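Subject: The structure you asked about

Hello,

Here is the structure I promised to pass on.

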Amino acid sequence: MSESSSKVTADHLRRDAYLYVRQSTLYQVANNTESARRQYDLRGRAVALGWPAEKVTVIDIDQGQSGASAADREGFQRLVAEVSLGRAGIVLGLECSRLARNNADWHALLRLCAFNDTLICDEDGLYDPATINDRLLLGLKGTMSEAELHFIRARLQGGLLAKATRGELALRLPTGLVYDAAGNVVLDPDSGVRGVIAHLFTTFEATGSASATVKAFASDALRFPARHLTGPHAGQLYWAPLRHDHVLFVLHNPRYAGAYFYGRRRQVTDAEGNHHTVVKAREDWTTLIPGAHPGYISWEQFETNQATLTANAAARGEDRKAGPAREGPALLQGLVVCGKCGRRMSVRYHRRCEGTLVPDYTCQREGIATGTPPCQSTCGAGIDTAVADLVLQSLTPLALETALAVSAELTERAAEADRIRATSVERARYAADAARRRYLAVDPSNRLVADTLEADWNHKLRELNDTQDDYERASQDDAATLNDQQQQRIRALTADLPALWHAPATPMRERKRLIRLLVTDVTLIRSSEHITAHVRLPGGQQHTLTVPRPLTAYEQHTTPAATVALIDELMADHTFDEAVTILRERNILSGWGKPFTVPSLTALCRARNIPSLCDRLQAAGMRTLAEVAHDLGTAPDTVKKWQRLGLITGRRVDGRREHLYHPGQHCPGDNPRRDATLRRYQKLSDPTATISTARSSDQQPDKASVSIRSSIEGAV
Ligand SMILES: [Zn+2]
């Protein structure tokens with residue numbers, strides 16, 4: 001004790017003591033109170049070593065946290081922080097394992113303690129990590145602590161694993177399978193449960209999609225069984241609407257195919273100490289025993305379902321492949337590849353005026369990611385038709401006869417190859433027999449020769465074995481030839497195919513499924529003139545189709561160039577309303593096939609930069625009302641009046657009777673003849689009124705009126 005005490009210096013005592021308290025699980029916290037009491041008792045140890053009671057800080061916020069990683073342990077992180085800042089004189093814990101079950105965390109703490117001259121105290125003693133002996137001991141204790149965790153786990157799991165490997169470990173069964181009295185797995189005795197699960201599998205087979213299965217269940221108002229796992233109703237059955245994750249669970253679960261499995265998933269811990277569950281590849285599963293108990297589907301059907309699900313899932317992700325064939329009319333949905341960047345193109349639909357849905361193929365993935373315009377995009381109607389024609393053409397009876405002839409030829413060649421392979425097996429067998437005879441013929445006591453001949457015989461036997469294996473494998477590969485009945489059916493189908501394809505009753509989804517059998521993918525490159533489609537067929541064949549680029553809406557609705565030229569001509573000396581009248585008389589229509597109106601003609605002129613009559617006259621030097629009023633030093637209304645009287649001349653330029661005026665006109669007051677006309681007009685209209693616009697009393701008579709009046713008065 002004295003040696004221990006001698007490690008404590010005044011410098012340590014000046015700093016605080018930290019007592020770290022932890023129990024791994026909440027169950028331990030609640031029930032293992034003895035351990036907790038011992039941990040808190042260490043506080044007394046700190047006081048005995050010389051720390052005042054108020055300088056002992058207890059960190060116990062990690063209760064119920066495992067010591068396997070520091071990531072989630074706030075208290076441990078705080079402890080490390082305090083040590084790093086040099087505030088801790090001593091760290092107390094009941095045993096090293098309370099501090100860390102993970103060597104990396106433990107050694108980090110040790111290094112920090114050594115660096116900051118912090119002591120460590122557990123139930124067994126007091127350690128100074130700065131000295132090599134203590135540090136060695138602490139390191140060893142940490143290693144033991146981590147190893148202890150491993151051994152506990154290994155002991156617990158070893159028995160389980162051994163049982164699971166033999167397929168004897170009883171695991172929780174999915175709904176629809178139960179243990180009978182003898183502990184064997186059997187189908188659920190409830191025929192309702194069995195019926196629904198069987199229905200799920202048949203629905204998936206028919207639709208080929210988990211989502212479609214969910215939809216089918218929902219539209220038929222079918223519910224799916226499950227059992228309560230815990231609580232007062234544990235083991236009891238309840239029915240709930242089928243969900244997508246249920247379907248995937250059922251389809252991916254090998255137990256429905258009668259297979260026992262264990263160790264399909266694995267726990268991994270990432271660099272930040274977070275745990276994740278990872279599904280292992282099937283060859284890495286601990287156990288997989290097909291045919292271990294009765295199931296709802298065969299193992300072959302299970303494999304088929306997995307393949308379908310994998311193909312469906314491939315519709316998502318980085319390199320997307322064709323997803324399940326859907327109802328929309330885009331024939332090449334999921335098969336189109338962008339010829340510019342190599343990514344999969346997606347389908348969009350737009351509705352034409354007459355109501356038909358038209359597919360568009362768009363390469364927009366990069367565009368969405370980077371906020372730029374799509375790589376390329378094109379209307380798909382023409383391409384769909386061209387590819388369908390190509391496929392139907394390539395399935396003509398003549399092409400089929402050729403294919404069948406080639407198939408027969410291949411069969412013959414396969415038979416020939418088979419004969420050749422058979423002879424090599426025969427050769428190997430003869431060599432092995434000869435080696436055996438040589439070996440039997442030699443005197444067994446002549447060890448030297450007998451050993452060599454035995455080795456030779458063994459070698460020849462191995463060769464025979466390999467040759468036989470090769471032969472069987474190759475024969476199996478060649479076995480897939482067509483018999484007469486199959487050939488008949490194929491011929492019949494080809495004759496029917498075009499009619500079947502074009503029949504309105506054939507759902508689009510079936511056409512798509514057919515196309516997927518016959519086309520691997522279609523690569524599109526759109527140029528300004530046409531679209532090039534490279535069609536790849538499953539045999540590795542390639543076809544290149546060129547389809548004229550469909551007109552854009554803009555191009556379809558553009559006014560013909562001749563009409564535009566005519567409008568340009570008309571605008572030279574007609575206002576918009578006059579031009580519209582002329583165009584209507586000549587029965588000339590706009591790009592949308594409608595008669596022109598003043599607004600549509602105005603918009604067209606603005607869009608095509610065709611100057612209006614007003615623009616042209618102004619460009620030629622004619623003056624607006626405001627300008628001419630300014631020139632003459634009078635009000636616009638007066639100018640209009642003068643124009644009505646014929647005193648100045650102008651030209652109407654639009655339907656609202658707006659005028660432009662010829663330049664270089666003079667005030668009527670300068671012209672005696674016009675003055676006389678004006679006087680006559682004055683007398684006729686109102687002998688007592690002045691000429692000034694007396695419309696409103698608050699308006700000042702303008703300069704021009706005054707000058708006219710004065711000139712009139714002067715004349716009188
Ligand atoms: Zn692209």
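How many helices and strands are there in the protein? There are 27 helices and 22 strands, where helices (H or I, at least four residues) and strands (E, at least two) are DSSP runs numbered from the N terminus. Please keep in mind that this is a predicted model, in which local features need pLDDT of at least 70 and side-chain atom pairs count only at pLDDT 80 or more, while totals for chains, interfaces and linings use all residues. Residues are numbered from 1 along each chain as its sequence is written, and side-chain values use heavy atoms, with hydrogens and water left out.

Of the 716 residues, 35% count as buried (under 20% relative accessible area; exposed is over 50% and partly exposed in between, with a 1.4 Å probe and protein chains only). Taking contacts (heavy atoms within 4.5 Å) between residues at least 6 apart in sequence, 58% join residues at least 24 apart.

Now to the zinc ion. Its protein donors (N, O and S atoms within 2.8 Å of the metal, or 3.2 Å for Na, K and Ca; water is not among the atoms, so sites may look incomplete) are the SG atoms of Cys338, Cys341, Cys363 and Cys375, at 2.2 to 2.4 Å. The angles between the four donor atoms run from 98 to 118°, so the arrangement is tetrahedral (for four donors, all angles between 85 and 135 degrees). Along the chain the donors are spaced C-x2-C-x21-C-x11-C. Cys363 belongs to strand S16 (residues 357-363), and Cys375 to the loop between helix H13 (365-370) and strand S17 (376-379), so this pair ties together parts 12 residues apart in sequence. Cys363 counts as buried because its relative accessibility is 1%, whereas Cys375, at 31%, counts as partly exposed.

S16 also takes part in an open sheet of three strands, ordered S15-S16-S17 with antiparallel pairing (two strands pair if DSSP finds at least two bridges between them). Strand S15 (346-351) and S17 stand at the edges with a single partner strand each, so one side of each has no neighbour in the sheet. S15 and S16 are joined by six bridges, and Ser346 has Thr362 in S16 as its bridge partner. Helix H14 lies across S16 and S17, at about 95° to S16 (axes are lines fitted to C-alpha atoms, for helices over the stretch in contact, and angles run from 0 to 180 degrees between N-to-C directions).

A second open sheet has four strands in the order S14-S18-S19-S20, with mixed pairing. S14 and S18 run parallel and are joined by three bridges. Cys338, one of the zinc donors, stands opposite Leu524 in S18. H14 packs on this sheet too, touching S18, S19 and S20.

Which residues touch the most other members of the largest nonpolar core? They are Leu332, Val387, Ile515, Val519 and Leu524, out of 27 residues; such a core is a set of buried Ala, Val, Leu, Ile, Met, Phe, Trp, Tyr and Cys residues joined through side-chain atoms within 4.5 Å. H14 gives the largest share, six residues. Beyond its neighbours within four places in sequence, Ile515 is in contact with Leu331, Leu332, Leu335, Val387, Val391 and Trp501.

Technical notes
Four donors count as tetrahedral if all angles lie between 85 and 135 degrees; four count as square planar and six as octahedral if opposite donors are over 155 degrees apart and all others between 65 and 115; anything else is irregular.
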